[in-house]
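This report examines selected features of a single protein chain.

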Amino acid sequence: MFDLETLLSPITLENFFKEFWTTKGLVLRAQNPDRFRSLFSWDDLNYLLNFHKLRFRDDIRFAAQGKKRLLDVPDTPSDWIKHCQEGYTMIISQLHARLPIIASLASKIEQEIGHRTQVNMYCSWPNQQGFDSHHDDHEVFILQIEGTKKWYVSKGTYPYPLDKYGRHSVDTGEPEGAPYIETVLNRGDILYIPRGHWHHAVACHEPSLHLTVGITCRTGLFWLKWLADELINDPQWRKNLPPVIHGDKKELASYIRNLFKQLATLSTDEQLVQAYLTNHQVSQSSRNREVSLPSQSGFYSSIEKQNTKLRRPKYQAVQIEYDSQLGQHRITDGSKKISLEGVPAKLIENLFSSEFFTLAEAASWAPHLDIDNEIAPLLRRLVEEGIFVECSNL
């Protein structure tokens, strides 16, 4: 299975973040050109095209040759083939929501570094360029799956650009001088492109298939927006700002300075710090909550069966806290928050640390609780809430 540390090997995560992350591009040559064979292939692409209903613009796009526009074509596979024949690059978005092995890759990276990860696919044709030189608002890893592609990477002209599609980025013009990376990626090679660094690519003498692993990192601005949401329950922060009467802004200036002082005092609020850390950990998943029917429906449960195994969803982070004053375990899973009263700490610890478990095993971790009237209802609730799911092949 792949994660970021595996992809970067032999460079360690620590050295990568110290020497390259956000500052300098990196080319990693494959010792084994077939190392991505289990991750994605032409067969996987054909499977998506033949058995997934891909919506044009939302799921599948075609980049015009060397132009920053998307083709306006009918939403039919026949047209897709036609434009491939004409040399247009095919892009399939959100591969992490379509293939389990790609979902696992994205999830592992999210768990490794704490930032949201997505994976798109690009299929290009010989001697064709899909996009003009551009920069992205996220960190980029290019995984060359099939064929060869020549890449050009230049330094950024604006540090840490924001969402260009939301028109938050600034147009500073293209970079001057020669690219600092000019290289051909072969099968199994990886190219890291920092956020904001200009780049473009041209497929070589054969069709090219690559995955783009995009990592969208939260910033100080994101934290400020989170803090504003946290302060919304404090009437002091909901008060009107002072009026500016006849252009006299002295009272407003004094009020704003006082607000800055109040913000400074929040830096010592450890509970607030921990609240953000919890939010940061559990809200980074690039995937929707895992579905597990029929048990989540609430109308049928096989939990009581001796052979039914439960597990944590594979792509969801969870935070567990204990409030000693209230005697509650608080479980935060994405946007979902659940409080459990009177549940033994050992039971909670074993439930969330086990790869999988059954009702009988759960009962053995809390022998003083009744299996039918206390353990089973607890597990049913956690399954219906999506905190646990029945084991499957997902």
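The sections below cover the basis of the model, a sheet, a residue in that sheet, salt bridges and a helix.

## Basis of the model

The model is predicted: local features need pLDDT of at least 70 and side-chain atom pairs count only at pLDDT 80 or more, whereas totals for chains, interfaces and linings use all residues. Residues are numbered from 1 along each chain as its sequence is written, and side-chain values use heavy atoms, with hydrogens and water left out.

Three strands make up an open sheet in the order 7-6-9, with antiparallel pairing. At its edges are strand 7 (181-185) and strand 9 (198-203), each of which pairs on one side only. From one strand to the next, the twist averages 15°. Strands here are DSSP runs of E with at least two residues, helices are DSSP runs of H or I with at least four, and both are numbered from the N terminus. Two strands count as paired if DSSP finds at least two bridges between them. The angles run from 0 to 180 degrees between N-to-C directions, with axes taken as lines fitted to C-alpha atoms, for helices over the stretch in contact.

Strand 6 (residues 149-154) is joined to strand 9 by 6 bridges. Within this pairing, Val153 stands opposite His199, and Ser154 has Trp198 as its bridge partner. Strand 6 also pairs with strand 7, in the antiparallel sense, over 5 bridges; here Lys149 is opposite Leu185.

## Thr183 in strand 7

Thr183 belongs to strand 7 and, at 9% relative accessibility, counts as buried. Buried denotes under 20% relative accessible area, exposed over 50%, and partly exposed the range in between (1.4 Å probe, protein chains only).

The side chain of Thr183 makes a polar contact with that of Arg29 at 2.4 Å. A polar contact is a pair of N or O atoms within 3.5 Å; within protein, one must be able to donate a hydrogen and the other to accept it, and residues adjacent in sequence count only if both atoms are side-chain atoms. Leaving aside residues up to four places away in sequence, Thr183 touches Val27, Arg29, Lys149, Lys150 and Trp151, where contact means heavy atoms within 4.5 Å.

## Salt bridges

The whole structure contains 11 salt bridges, each defined as a side-chain nitrogen of Lys or Arg within 4 Å of a carboxyl oxygen of Asp or Glu. One of them joins Asp34 to Arg187, with the closest N and O atoms 2.5 Å apart. Asp34 lies in the loop between strand 1 (26-28) and helix 3 (42-51), and Arg187 in the loop between strand 7 and strand 8 (190-193), so the pair ties together parts 153 residues apart in sequence. Asp34 is partly exposed at 32% relative accessible area, as is Arg187 at 28%. Asp34, Arg37 and Arg187 are linked in a salt-bridge network.

Arg98 and Asp59 also meet in a salt bridge, at 3.0 Å from N to O. Arg98 is in the loop between strand 3 (89-92) and helix 5 (100-113), and Asp59 in the loop between helix 3 and strand 2 (60-63), 39 residues apart. Both Arg98 and Asp59 are buried. A further salt bridge connects Glu182 with Lys150, the closest N and O atoms being 3.3 Å apart. Because Glu182 lies in strand 7 and Lys150 in strand 6, this pair ties together parts 32 residues apart in sequence. Lys150 is partly exposed, at 27% relative accessibility.

## Helix 10

In helix 10 (residues 345-353), the residues Leu347, Ile348, Asn350, Leu351 and Phe352 are buried. Their cover includes strand 12 (319-323), strand 13 (328-333), strand 14 (336-341), helix 11 (359-365) and helix 12 (371-384).
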